[in-house]
Amino acid sequence: MNKWHFINFKIKWDKKFPVNNFFVDLIIIDLIIYPLLEIFKQNLILWRIHRSATEDGHILRFIFYTSPEIAKDIYKNMQGIKSYALVKENYLEEIIQQEGSQDIEGAGDGSWPKEINRVWPYYIMGVSTMFLELIKEIKESIADGVKESGTEKYYKEIEKKIDELWLKYGCHSFIHHLSAVVGYKPIVAQVRAIDNNLGGVIF
């Protein structure tokens with residue numbers, strides 16, 4: 001029976017804001033999650049990534065909907081990835097594996113209506129796919145000298161370029177075109193929390 005599975009990478013962090021090690025997320029995504037997707041994507045009905053840094057810790061989540069058998073194979077293959085031991089030793093406090101609901105709508109948000117919870121996983125899988133492809137595109141644009149300067153400097157440069165693109169083009173390329181899909185209807189901006197990392201608000 002298919003269900004949601006979670007691999008939670010809890011990243012070493014001093015819990016000081018602004019967060020200065022979000023580049024570690026990119027290391028894990030590129031060196032661990034991407035290779036797993038290359039092997040298992042055809043066996044995953046849905047998948048996504050989720051990045052966060054709150055009082056509970058700095059956590060990168062790889063979330064996927066599949067059978068328990070495939071999930072076990074993913075966990076086993078993850079430990080055999082060449083970069084796994086290096087990443088675990090240098091950047092992680094722990095890796096937490098969890099199982100969730102058998103319902104596709106069971107990994108969304110309890111405050112949303114069922115219609116959104118049932119379709120949102122397909123939307124966020126597309127967003128996650130886009131993000132992984134964006135990392136690939138940026139890697140191709142980085143000079144060889146930076147690539148050879150060490151893992152951390154390399155992924156900090158990737159993070160910097162992603163931040164620049166998001167700041168300059170995110171509103172039009174992502175938010176505007178999402179609005180275009182639903183017909184440019186107005187939305188209510190609901191402030192959910194204060195972002196300790198940047199001092200702004202979280203919608």
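Which residue stands opposite Lys3 in β3? Thr66 does. I'll come back to that pair.

Some ground rules. This is a predicted model, where local features need pLDDT of at least 70, side-chain atom pairs count only at pLDDT 80 or more, and totals for chains, interfaces and linings use all residues. Residues are numbered from 1 along each chain as its sequence is written, and side-chain values use heavy atoms, with hydrogens and water left out. Helices (H or I, at least four residues) and strands (E, at least two) are DSSP runs, numbered from the N terminus.

Let's start with the sheet. It is open and has four strands, in the order β2-β3-β1-β4. The pairing is antiparallel. Two strands pair if DSSP finds at least two bridges between them. In general, strands of a sheet pair through backbone hydrogen bonds, either parallel or antiparallel. At the edges here sit β2 and β4, and β4 covers 92–99. Each edge strand pairs on one side only. From one strand to the next, the twist averages 15°. Axes are lines fitted to C-alpha atoms, for helices over the stretch in contact, and angles run from 0 to 180 degrees between N-to-C directions.

Now the pairs. β1 and β3 run antiparallel, joined by nine bridges. That is where Lys3 stands opposite Thr66 of β3. Phe6 has Ile63 of β3 as its bridge partner. β2 and β3 also run antiparallel, and nine bridges join them. There, Ile49 stands opposite Phe62 of β3. β2 and β3 form a hairpin, with two residues between them.

Is β3 mostly covered or mostly open? Mostly covered: nine of its ten residues are buried. Buried means under 20% relative accessible area, exposed means over 50%, and partly exposed is in between (1.4 Å probe, protein chains only).

Next, the core. A nonpolar core is a set of buried Ala, Val, Leu, Ile, Met, Phe, Trp, Tyr and Cys residues joined through side-chain atoms within 4.5 Å. The largest one here has 47 residues. Phe9, Ile28 and Phe62 touch the most other members. Several elements give two or more residues to this core, including β1 (3–11), β2 (46–54), β3 (57–66) and α1 (23–40). Which element gives the most? α1, with twelve residues.

Look at Ile28. Leaving out residues up to four places away in sequence, Ile28 touches Phe9, Ile11, Ile33, Leu60, Val87 and Leu92. Contact means heavy atoms within 4.5 Å.

On to helix packing. Two packed helices are described by the angle between their axes and the distance between the axes. For α1 and α6, the angle is about 100° and the axes are 9 Å apart. So α1 and α6 are roughly perpendicular to each other. The cut-offs: angles under 35 degrees count as roughly parallel, over 145 as roughly antiparallel, 65 to 115 as roughly perpendicular and the rest as oblique. From α1, the contact uses Phe23, Leu26, Ile27, Asp30 and Leu31. From α6, the residues include Thr151, Tyr155, Ile158 and Ile162. By class, this contact has seven nonpolar, one polar and four charged residues. Ala, Val, Leu, Ile, Met, Phe, Trp, Tyr, Cys and Pro count as nonpolar, Asp, Glu, Lys and Arg as charged, and the others, Gly among them, as polar.

Last topic: the loops. Most residues other than glycine have a negative phi, and most peptide bonds are trans. Where does Lys15 lie? In the loop between β1 and α1. Lys15 counts as partly exposed, at 46% relative accessibility. Pro18 lies in the loop between β1 and α1 as well. A cis peptide bond joins Phe17 and Pro18, with omega about -5°.

Then Tyr184, in the loop between α6 and β5 (193–194). Its phi is positive, near 55°. Tyr184 is exposed, with a relative accessible area of 52%. Setting aside residues up to four places away in sequence, Tyr184 touches His176 and Ser179.

Finally, Ser111. This residue sits in the loop between β4 and α4. Ser111 is exposed, at 59% relative accessible area. Ser111 and Leu31 are 80 residues apart along the chain, and their C-alpha atoms are separated by 34 Å.
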